[in-house]
Amino acid sequence: METGTRDGSSSGRRLLALSARAGFGLAMLAVMAGGIMLLHARAEDEQTVSVRAPMPVVTERLDLESSYEVSERYTGRVAPARKTDAAFERDGLVLRVEVDEGDEIAQGDILAQLDTELLVAARSALEAELLQVQADRQLALRTLDRQKTLASQGNASQQRLDEARFAVDALNANLANLEARIRQIAIDIEKSSLRAPFAGTIAARWRDEGAVVEAGMPIVTLLETDRPEARIGVPPRIAGELDIGGDYRLVTADTTVDATLMSLRPDLAMSTRTVEARFRLADRALVPFGDLIRLEWPRRIERSGAWVPLSALMEEASGLWTLLTVVDGADGLVVASETVQILHVVEGRAFVQGSFADGQSFVAEGVNRVTPGQSVAVQSVAVQSLGAGS
């Protein structure tokens with residue numbers, strides 16, 4: 001009996017210990033669950049506060065305009081008023097080349113010289129032959145005079161008189177031929193000196209001393225540098241708006257140049273379908289020949305819209321563009337999405353068309369920080385510049 005009692009008491013104590021441990025564990029679990037619920041509640045409260053707090057944004061105002069202006073650009077090149085590949089008119093041996101690339105020359109300056117030794121010798125031979133013919137002619141004239149005297153006295157036949165007369169005529173013809181050949185050689189000697197047809201600058205030197213050249217073979221290239229021109233192709237409709245003799249400003253990569261429109265070609269370039277306009281640049285304008293130069297021509301397009309910075313636009317997956325506007329909501333200002341069409345872009349701004357109203361505000365900066373329907377507060381209002389096309 002005592003043994004049974006002791007066993008029962010021991011089992012009871014073990015049950016009590018297990019119950020106590022279980023109760024302690026449940027208590028700890030309850031405490032942990034409460035802590036977790038408290039943390040979740042605080043997180044939800046913070047999230048609710050962050051969602052409800054309006055996002056500060058920078059806005060601009062949409063100013064509707066009935067049109068916008070674009071600057072059309074037409075490009076050409078700077079060229080000299082005159083350019084020539086100076087060459088001799090006859091074959092010969094180049095004796096001297098008097099100029100080099102970059103030399104500035106005056107009209108009439110000698111550029112190169114051909115060897116004239118053979119021409120001088122040929123002229124000397126012809127001059128000697130000319131003296132002989134002149135002497136023969138004097139004798140023939142005296143013979144003709146004697147024959148005329150004898151014929152008048154009846155002592156000479158008509159045949160002898162005709163022979164004397166025709167001998168003089170033949171010598172006169174021979175004399176004229178020799179004089180013409182001598183003049184031709186003199187011209188060849190003169191043209192053996194290649195002279196500048198106009199003042200300018202030597203752009204290239206193609207031949208040196210000792211070269212045997214044919215007629216028309218370039219010796220040097222000469223550019224007229226005092227009258228630079230710009231030759232620009234423009235569409236026919238623009239050509240009709242240009243005034244010959246009018247003053248214009250042309251643009252290069254580095255500067256702007258004053259120019260006067262000299263002429264418009266009457267034909268159309270088939271490759272570009274443009275009319276060439278020739279502009280006379282300001283005297284000695286510091287623009288190298290061959291440099292690109294353009295005419296910027298303003299054109300007004302009648303389409304309604306407003307100018308916005310490119311930073312205010314978002315591109316959608318479908319290729320459309322979105323402008324975030326700021327409108328009145330139930331609890332204050334909210335962001336709305338406005339689909340717009342870009343009509344023109346220049347210098348970081350775009351002229352867009354949409355269903356927005358004149359004077360409506362839009363988010364000008366940080367459009368990636370807000371979404372449509374989000375509450376916002378205007379932090380500052382940016383002052384929008386005038387239309388970018390103006």
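## Close-up views of a predicted model

**View 1. I105 has G200 as its bridge partner in β8.** The model is predicted, with residues numbered from 1 along each chain as its sequence is written; local features need pLDDT of at least 70, side-chain atom pairs count only at pLDDT 80 or more, and totals for chains, interfaces and linings use all residues. Side-chain values use heavy atoms, with hydrogens and water left out. Strand β5 (residues 104–105) pairs with strand β8 (residues 200–205) in the antiparallel sense over 2 bridges. Strands are DSSP runs of E with at least two residues, helices are runs of H or I with at least four residues, and both are numbered from the N terminus. Two strands pair if DSSP finds at least two bridges between them. Strand β8 is also joined to strand β10 (residues 218–223) by 4 bridges, again antiparallel. There, A204 has T221 of β10 as its bridge partner.

**View 2. Six strands close into a barrel in the order β2-β11-β14-β13-β12-β15.** The pairing in this barrel of 6 strands is antiparallel. On average, neighbouring strands of the sheet are turned by 45° against each other, direction ignored; the axes are lines fitted to C-alpha atoms, and angles run from 0 to 180 degrees between N-to-C directions. V251 has T256 of β13 as its bridge partner.

**View 3. The largest nonpolar core holds 21 residues.** Such a core is a set of buried Ala, Val, Leu, Ile, Met, Phe, Trp, Tyr and Cys residues joined through side-chain atoms within 4.5 Å. The members that touch the most others are I232, V234, L242, L250, F279 and L281. Two or more residues each come from β2 (68–80), β11 (228–234), α4 (236–239), β12 (247–251), β13 (256–264), β14 (275–281) and β15 (292–301). Strand β14 gives the largest share, 4 residues. Leaving out residues up to four places away in sequence, V234 touches Y74, A239, L242, T274, V275 and L295, where a contact means heavy atoms within 4.5 Å. A second, separate core has 17 residues, among them V97, I105, L114 and L194.

**View 4. T274 sits in the loop between β13 and β14.** T274 counts as buried because its relative accessible area is 17%; buried means under 20%, exposed over 50% and partly exposed in between (1.4 Å probe, protein chains only). Not counting residues up to four places away in sequence, T274 touches G233, V234, P235, D267, L268 and A269. The side chains of T274 and T272 are joined by a polar contact of 2.7 Å. A polar contact is a pair of N or O atoms within 3.5 Å; within protein, one must be able to donate a hydrogen and the other to accept it, and residues adjacent in sequence count only if both atoms are side-chain atoms.

**View 5. A170 belongs to helix α3 (residues 158–191).** A170 is partly exposed, with a relative accessible area of 47%. From C-alpha to C-alpha, A170 and R137 are 8.9 Å apart in space, and in sequence they are 33 residues apart.

**View 6. The protein chain contains 4 helices and 22 strands.** Of its 390 residues, 31% are buried. Among contacts between residues at least 6 apart in sequence, 74% join residues at least 24 apart. The chain exposes about 23700 Å², of which carbon and sulfur atoms supply 53%; areas come from the Shrake-Rupley method with a 1.4 Å probe, and for residues only the protein chains shown count as cover.
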